[in-house]
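These are my notebook entries on one protein chain. I began with the chain as a whole and then turned to selected parts of it.

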Amino acid sequence: MTAPAMISFANGDQLPQLGLGTWRSEPGLVAKAIKVAVAAGYRHIDCAAIYGNEQEIGGALAELFADGVVKREDLWITSKLWNDAHAPDAVQPALEKTLADLGLDYLDLYLMHWPVASLPGGPQVPLEDCPLAVTWEAMVATVGKGLTRHIGVSNFSEKKLRALVAASDHKPEMNQIELHPYLAQQGLVDYCKATGIAVTGYSPLGSPGRPAGLISADDPVLLKEPVLAEIADKHGVSAAQVLLQWALHRGTVVIPKSVTPARIEQNFAAVSVQLTEDDVARIAKLDRHRRYVTGIFWVKKSGPYTLASLWDE
Ligand code: A2P
């Protein structure tokens, strides 16, 4: 099986361009998914405290290490700081909890999950009262302590990235954002590339498993897009594989979620799919700036966040 290409960081660390997503990977299924993925060749797993499954993932990793299937240093493990731990003195404890759950001494990458702050288990806090740059400096300190090798952000607009880059000596090394042909975000991807910030695309398959609150009857279904079906048929592959190769082809990291063994394997095999220039040009025309993970869950009545303030658009 062909391995995905690597994204190199300034210190020489290498991140496999294709990894396994674990958002909504159900308890009871995620441990098996991790083992199937590692057996298939995945060496990159994307986690987050809020997904509620890091303990089970940690159990699977412990077995893989004990059985000699893979070594810690051969894996790239990402996790994310939840909104209720943005206060500077909450950042390191949150990271330590994730490390304990995953059974690891260090992460490869720790991301600020959303540019949204809240009190533990409770009300939202405006960014003026808990600035992203302050949370960020607490994340920078965790690198110095060896708790994570790299840090970055998620769901950040170009405007928020520019502000953080200007405010800190430690540039974010990653921005993880929703990316697929209906939401190509080429401007943001180009800004990150020009600034030396790697980009990971989440929901690359159009997030068919997203929660009911994010689904409307008239939502376009990415996996049923006729242009993708035609390209997939021509190459004898699935629409999902075309989507994943599109993401790899444009130089982004991609983290499809699946707990289904055959899909986990199929998604990894997307590394070998070859798209023609014509395929890529046709896919580019599908862009409609359509988010599936809209962020609407952060917009509360009389709360400090709006969709406009969240995405800066
Ligand atoms: P499952 O985990 O039950 O296999 P995204 O990464 O865009 O959020 O997509 C994840 C969703 O897509 C999950 O519901 C997952 O289901 C499903 N999925 C993952 N891989 C494939 C595939 N190759 N074909 C169709 N659906 C897939």
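Entry 1, the whole chain. I looked up the secondary structure and found eleven helices and twelve strands in the protein chain. The radius of gyration is 19 Å, close to the 20 Å that the globule rule gives for 313 residues, so the chain is as compact as a globular protein of that length. I note that the model is predicted. I recorded the span of the C-alpha trace along its principal axes as about 55 × 50 × 35 Å.

Which residues of α10 are buried? In this helix, residues 277-284, I found Asp279, Val280 and Ile283 buried. Seen down the axis of α10, the buried residues fall within an arc of 95°, so they line one face of the helix. Glu277 and Ala284, on the other side of α10, are exposed. I also looked up what covers the buried residues, and the cover includes α7 (226-235) and α8 (239-249).

I located Ile296 in the loop between α10 and α11 (307-311). Ile296 is partly exposed, with a relative accessible area of 40%. Together with Val299 and Leu307, Ile296 makes a nonpolar surface patch of about 210 Å².

Notes:
Residues numbered from 1 in each chain as written. Predicted model: local features only at pLDDT ≥ 70, side-chain atom pairs only at ≥ 80, totals over all residues. Heavy atoms only, no water. Buried < 20%, exposed > 50% of the residue type's maximum accessible area, 1.4 Å probe, protein only. Helix = DSSP H or I, 4+ residues; strand = E, 2+ residues; numbered from the N terminus. Arc of directions from axis to C-beta. Contact = heavy atoms within 4.5 Å. Patch = residues over 30% accessible without salt bridge, like charges linked within 9 Å, V, L, I, M, F, W, Y side chains within 5 Å. Areas by Shrake-Rupley, 256 points an atom, 1.4 Å probe, with all protein chains shown as cover. Salt bridge = Lys/Arg side-chain N within 4 Å of Asp/Glu carboxyl O. Rg over C-alpha atoms; globule rule 2.2 N^0.38 Å.
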